[in-house]
Amino acid sequence: MRLRFQIQFSTEWGQQIQVLGAHPLLGAWQDDQAISMEYLQDGQWELTVDIPSSDVEGLEYQYVLRQADGNVERSFAKPLVVPQGASEYQEIHLNDSWRSAWDPSNAFFRSAFSRVLMNREESSELEPIGKAGKRILFQLRSANIPPEFQVALVGNHPKLGNWDAQKGIVLSDSRFPDFLADVRLSGSQKWIEYKYVLLDRNGKVVEWEHGENRRLELNPFRKRKVLTIQHDEGFRGDHLKWRGTGVAIPVFSLRSKKSWGIGEFTDIPLMVDWAVKTKMDLVQILPINDTTAHFDYLDSYPYSGISVYALHPIYLNPEQMGKLKDKALLKELKAEAGKLNELPQVDYEAVIALKWRYFRALYEEQKEKFFKKRKVQAFLKEQGHWLKPYAVFCALRDKYQSANFAEWPEYAEFDPAAVETWTSPKSPDFDEVGIHMFLQFHLHTQLLEASDYARKKHVVLKGDIPIGIYRQSVDAWMYPHLFHMDAQAGAPPDAFAVDGQNWGFPTYNWEEMAKDGYLWWRQRMSQMSAYFDAYRIDHILGFFRIWEIPGNQLSGLLGHFYPSLAFHRDELAQWGLWMDEERYCRPYIRAHMLHVLGEYRDRAVDLFLHDRGHGTFELKSQVADQQSLETFCESWVKDHPADQAMIDHVKPHIYGWINEVLFLKVSGPDDAQRYHPRVAMHFTQSYRDLPNDVKHSLNELYTHFFYKRHNEFWRDQAMVKLPAIRDAADMLVCGEDLGMVPDSVPGVMAELGILSLEIQRMPKDSSRTFFHPIDAPYLSVVSTSTHDMSTVRGWWEEDRELTRRFYHEMLGQHGEPPMFCEPWIVEAMVNQHLESPAMWAILPLQDFVGIDGELRYDQPTFEQINVPANPKHYWRYRFHMNLEDLIEAESFNAHLADLVKRSGRG
């Protein structure tokens, strides 16, 4: 059979359009084997290939743009497919269209839309065709057409209604996002002109396509066995620039009448019901993976998961797992759960202890029958690749009361054979691992039920991908080669953490991950897509470069970007800076700095410093790094308790002096001559004491290094990793791109269809104090706050001068602003976000409820979820109302729904 491929594409010099497909004659999906097309004229490209008829039906193919340098870009979205029944023809004309990776509507091909928001519960089937005339299969690929609309084909032919929309052909949406019409045209016309028309379900015209008419040359050869497939990309209209609204709230913060002291997966449907009632389209949560490592409140930190797969048992609703036969115990546990559920905040340790009493009792009652169930056996088989190691890890963690596997007396190194032995039902230790399998099955069941409920209600459930893994986790235990275990991930200084952040996570060994095509990431994303249809990539900048801190330091100030292009000593000289390691790389401690030690000056110098003479000092070896300093001080106070006051006063200054460097020397024999400028060096005494000419050289070098030097380099890093991760599942991808953002980031995110995050109080333009939501790009999420920030009401009371500026500049008000963020102010801020052109406005629940003076909490400072400057923060915030009562708040809900509706969202 002869296939004639045709596509219109205006190329530049050196570019070539090629066809790539599943068949060996089309390159077998190998980019370097793609078949080049012939350029005709006016942007027309053509290729004719003879393929056996038996191989044609279901044949998948795509178009490729090959650059002059050999790099390739594939036409976006899923491959095109030759339809069933095509083998009956002698020739097929494939008239196709290119879809650019930069097209904003590409986001609509993600499951948030195709599976949830635009999903068609009822669809119109493709009508059968007659046998006479020229057969044309019209195929419009447009993923952003809501289910309440249908598409008609109208043109200058009687079969196409002669431009009468009421007489056109309604396309089938049974293969959404492809709309199909199978047409036989009679007559002698050589060309037809046509457009697509948007109709409501009653057939009323909603919108005609914009722009010039589409044109199609009819088959001039009048062959009896020719099929023309006219593939058009995207309905051209304004009506479909869809915008949605979402609410953000961690699962642990949910509160219902059936909760056991913390939000649970079974509470998510209530949140979905409220979203439906207020015309919202999305519910966003924080990570929900198991974090059990310390056995105390530190495990409340949701970004330190001990597994990227396992869910946290604390989110189980015990009674939904099954009723305890022990009625007395059940009554006792429920009474305690009721008390915990009344608390204003989560008592993490009490809740998890209570639930484990239920879990163990239920496991003992059910274990004999549980593992014999077909659903359970299927789950264990499907999830065994991660579930078995996780269960064994938990058993060993519990046995040794520590997740630090490096200190376990046995199995410190992962042993697959031992895992199989432990997880065998014949193992004497089986119950120690079996209970964790038992819990993960119930967690999967409860979360999947919540997810399916959200999908049925056309509400997107959006998850969260932490940037790092916990260093005492199953993943670090199983795959240490995939991580730099001697380093720590964090973030450079910003307005919310002036010393930077140290998250403690190991950084990724991207070179190792690339060897199997990022399999660890792809499996992780595939698993997540069972529950979520959108996700937030925490700190997406980490895929361009991560802030890496040496394992022996604590401050984010002593980090550097990885990967990065450190300066060679010779290159520094070209910038007018002669490297003096003694002056620039060793902590700068001078006599005039010691006054901060106050009355403890002499003792502190004797304990921590070595006098080198001439007013210079150096740190003693036992406190040469910040980790050693912590260890030394803890030990010293233990042996000398009377020195507690002295240590408390002196330690912060010693800690700061360790930061008193201008360059960080790159470690390793191959990098002995290379150096990283220290971030925020301008705030050091070392910098202030430099001559002006050296300061000038440093300033120019610093600006170049942090804001210009790496743009293309980091772009290339991201374009290797992010496409593989994005394409592992079809969820909608949103990136948290806050902080020190390289210039290359917006372009990469736009090209890959990843939505940016725009925060009003954290503008990416450093010349502005605030970002106005009206300036947001379409492919973005706008929000009033994040979980790392105070709510708008809390922020209003933090800085009077900043509040005054916002009141005047962003709200257009005059005079003195109110002392407190009154409901009308919150509503004005919410409205600014709802009216933004951004695809999504996703706001914290606290900020939405701040509109209502009766419903909102009376202590806004207690509504902040996290304080990022405190690595030991207790994540315990709970919404102050039961969700059942929020759903019944008719006046507020109706008012909020009206705000959403009037903004044109949804």
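This is a predicted model: local features need pLDDT of at least 70, side-chain atom pairs count only at pLDDT 80 or more; totals for chains, interfaces and linings use all residues.
C633 has a relative accessibility of 3%, so it counts as buried, the cut-off being under 20%. Next select C821, another cysteine to look at. The relative accessible area of C821 is 2%, and C821 is therefore buried.

While cysteines are on screen, consider disulfides. A disulfide is a covalent bond between the sulfur atoms of two cysteines. How many disulfides does the structure hold? The count is 0.

Show its side chain. A polar atom of the R856 side chain lies 2.9 Å from the backbone oxygen of C821. The backbone oxygen of G850 is also 2.9 Å from a polar atom of that side chain.

Which residues are in contact with R856, leaving aside its neighbours within four places in sequence? Select R793, C821, E822, P823, V826, V849, G850 and H880 to see them.

Now look for a charged partner. R856 is buried but has no salt bridge. E797 is the nearest side chain of opposite charge, and it is 7.4 Å away. A salt bridge would need a side-chain nitrogen of Arg or Lys within 4 Å of a carboxyl oxygen of Asp or Glu.

Finally, move to helix α2, residues 268-277. Is this helix largely enclosed or largely open? Of its 10 residues, 7 are buried, so α2 is largely enclosed by the rest of the structure. Colour the buried ones: I268, P269, L270, M271, V272, W274 and A275. End at K279, which follows α2 and has a positive phi, near 65°.

Conventions
Residues are numbered from 1 along each chain as its sequence is written. Side-chain values use heavy atoms; hydrogens and water are left out. A disulfide is a pair of cysteine sulfur atoms within 2.5 Å. Buried means under 20% relative accessible area, exposed over 50%, partly exposed in between (1.4 Å probe, protein chains only). Helices (H or I, at least four residues) and strands (E, at least two) are DSSP runs, numbered from the N terminus. Lys and Arg count as positive and Asp and Glu as negative; His and the chain ends are not counted. A polar contact is a pair of N or O atoms within 3.5 Å; within protein, one must be able to donate a hydrogen and the other to accept it, and residues adjacent in sequence count only if both atoms are side-chain atoms. Contact means heavy atoms within 4.5 Å.
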